Amino acid sequence: MEVELRNITKRFGEVVANDDVNLTIRAGEVLGLLGENGAGKSTLMNVLSGLYTADEGEILINGKPVDFKGPGDSISAGIGMVHQHFMLIPVFTVAENVILGVEPTGKIDYLDLKKARLQVREINQKYGLEVDPDELIENLPVGIQQRVEIIKVLFRSADVIIFDEPTAVLTPQEVTEFFEIVKSLRDTGKAIVFITHKLHEILDISDRISVLRRGQIVGEGDPQTTTQTELAEMMVGRPVSFNVDKEPYAPADVLLDIEDLTVLRENDDVAVDGINLKVHSGEIVGVAGVQGNGQSSLIEALTGLTRVAGGTVKFNGQNITHASTRARHRMGIAHIPEDRQRMGMIADFSIAENMVLDTYYDDRFSKHRVINWPKAYKNSARVAADYDVRMTSVHDAAGNLSGGNQQKMVVARELSRETMFLIAAQPTRGLDVGSIEYIHSRIINARDEGDGVLFVSSELDEIMALSDRVVVMFEGRIVAEFDATTHPLDKNTIGLAMAGAVA
Amino acid sequence: MAKTMNPIDAQARKLDTAKVRQARNTGVILICLSVLVAYVFAFGTSGGDAVFRLSRPNDPWAAPNLVVPAMAFSYIAAAVLAFLGARQFMRGGVKWTGLSMGFGLLLAVAAFLVWATAGKSFSLTGMLQATVVRAVPIALGGLAGVLSERVAVVNIAIEGMLLAGAFTGALVGSLLGGFGGLAAAVAVGGLFGFILAALVVTYRVDQIIAGVVINLFVLGVTSYVSSQVYQEFRFLNNAPVFRPVRIPFLSDLPVIGPVFFQQNIFVYGAFIMVCVATYYLFYTRSGLRARAVGEHPQAADTLGINVYRTRYINVTVAGMVAGFGGAWFTLGSVGRFDEGMTNGLGYIGLAAMIVGRWHPFGALMAALVFGFADSMQQKLALLQTPIPSEFLAMAPYIATIILVAGLVGRARPPAADGQAYIKE
């Protein structure tokens, strides 16, 4: 089976997401589709999977043009997509999720779950995937959930399988297992499209590489001969440096002292389980771990957004375990939250309004409870320029900025005042390479000026690039600690610790 | 997370405070009930036996009356309650918390009934029969709630749909007879279901506001017509009433017969609909798809399931069920429409849905509890207990509060409940 995308153009209003894209997908081959966030990779694949209709161009399967009116048409044409955010229903079983939409039925619409289970087991056996058809999705680890997505696609007898950023949620070990599965699928004659922005992965797995930038195919590569640097340049459109420069490690006094910290989730499950950690001024401590191992709760507890169930948190000698968020803020703790859209900013507010969200009450901006807006505007414009926030005016809604500029705005707000400590959660998630570089340099800058930095990331590369020390969280506890200043960090060891495999 | 906590069992147990707290709270409540039963019911009783009549004298297989010595029963009940309560503080009490609570409440209610009946006699079967009858509109309201919330549409409008069904049933029933009225009630319920779906699915009006709008609209229109038009044209508000249908043989069974098999078509209809809805939601392809739409509409969409159409169909059918339930108020009981006669039972239906954990049978069971509270207060008013009747009339609503407060935290609604789905 061969699928050809010919001259595909897709617009959203003014924005051209795909611009005259040509792409061929062949059986028995892994096509790597490389591009930054927002380059139009997902849009292109959503066109192919029938979720979007292209404004121009056509899709040909084995040379014949096809017209997809919805996901159903694409599925029956043999195209299956594994979405970045899994499309699984947590309270359904594996079998129920697999059959949804193409259910085996008996009389009076009776759902034949027995048959479904058998069919799932058959696919399991054929492709060496081990998944219990009767387990609920919510009880399965992410890596297995991804297998369920693959089974779903295979159940619909897809010949083309699209993986959209499949490794974003996996541990390094799960990635290795996943690559084995992808290879075995390819060897059975499936056509695979592998979408990612991670350079080393695309070189590992692809047979052919296409690079997408700003909606256009800007280059093709042969993984045998191309290097990461070449690919990165194609993807970003300019030379990229992978190294971050920083001053020598010179930690001073303990700034943040966490003792036996225990935090519960809303349902009283233990999220953070008796953590001990010290962060000095002038050092960056990276918290590594697969998402959902208590990192978010740790950050929330440190910033005063959730109640602490046990233990103490001291900052600069003061006990702040139960201090209010504003009190912590005034002590000089800056916070770049995990989800900028939801916690970092108010999308409908202007950039200037967002910039004073934390200081509007300050004497600088208000007098007698009335905000001095002209002053706030002027200050916002200056800070925004300092932090390279690209915008037309400070009066624009923050929601209209690109992801990278939104994050820069949040960073600008948090760091443009006198700070002593920075807490950052997933500071570069979903950003383009340029913004990542910039935000990294700002974080390092803060450290070089003597701030303590504690940051959480599920991107191992980011952890390796920034941290002076690394702690790994697994199931609410710190299971491993690495000191980058004494031994070079080893990706594999950290990866194993992230999966909970600690000697 | 919960599954992977074994390596630190000791720690986990120490922190497993929520369950222990709940077990302790249950213990405290049970012991309070025990004290209440001992002091108020046992000491306060006038003594004598409580006589519960189970059959009427001319029943084919008359069961003998149930005679309970009031004082002794109260003491035994108090003792059992105290034991159950104390158990909650011992090791392993956590395990049986729910069951102990349920049994304890049942016992307390029984003790209350015995106390109220002491020295008198009282038809238990009659009360149970009334329980089932009064549970009908609540169960159907709850079922309508289940059907629409399973596709993630919050249906506050059930109250209005019940009222519209009651009104239409009476109006059309007066003109065309019972079955015509019933069909019209179902159709009008379905119409309001469709309107709700249009508002929330297509126009993405906030689901609560859309529901309230429908409720106020129906209340306004029906009140106006009944107070203005019906005063002049009384024949428009004089519908026939569906009489109980005896199911041969089964209706002759003692207790069970009168309670379940000598009822009108609304009762049978409610039971059948609950069974059909359960089959539909959990055993059919369309049911699986409907639930998928309620849990994760985007996932359903990527699999080629039409989210909007599924919501329209389910909410419309929910409206028809509520319309049928509404007809019970007029065609199933008094044959005439009165202003605001649903009296908030639609909302209690929603509570039944929550207590019943979004399951048709659960909603039915919860409705029976509410129905029981309702019929008990009515019968007790006849027994002339020292409790003022106004207070007794609160019983169904108090039962709602207790059950919802006790259970609501643990029940899990469909994940997308209340959210409009915007196709990209």
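Predicted model: local features only at pLDDT ≥ 70, side-chain atom pairs only at ≥ 80, totals over all residues.
Trainee: Why is B:Gln377 called buried?

Mentor: Its relative accessibility is 13%. Buried means under 20%, and therefore B:Gln377 counts as buried.

Trainee: What makes the pair of B:Gln377 and B:Asp374 side chains a polar contact?

Mentor: The two side chains meet at 3.0 Å. A polar contact requires N or O atoms within 3.5 Å, one able to donate a hydrogen and the other to accept it. The pair of B:Gln377 and B:Asp374 is accordingly listed as a polar contact.

Trainee: Turning to chain A, how do you know that β1 and β4 pair?

Mentor: Pairing requires at least two bridges between two strands. Strand β1 (residues 2–12) and strand β4 (residues 56–61) of chain A have 5 bridges, in the antiparallel sense. In β4(A), A:Glu56 is the bridge partner of A:Thr9.

Trainee: What is the strand order of the open sheet in chain A, and why do β2 and β5 stand at the edges?

Mentor: The 4 strands follow the order β2-β1-β4-β5, with antiparallel pairing. In chain A, β2 (15–26) and β5 (64–66) each have a single partner strand, so one side of each lacks a neighbour in the sheet. On average, neighbouring strands of this sheet are turned by 30° against each other, direction ignored.

Trainee: Which helix lies across β1, β2 and β4 of chain A?

Mentor: Helix α1 of chain A, residues 41–48, lies across these strands and runs at about 120° to β1(A).

Technical notes. Residues numbered from 1 in each chain as written. Chains lettered and ligands numbered in written order. Heavy atoms only, no water. Buried < 20%, exposed > 50% of the residue type's maximum accessible area, 1.4 Å probe, protein only. Helix = DSSP H or I, 4+ residues; strand = E, 2+ residues; numbered from the N terminus. Axes fitted to C-alpha atoms, helices over the stretch in contact; angles between N-to-C directions. Contact = heavy atoms within 4.5 Å.
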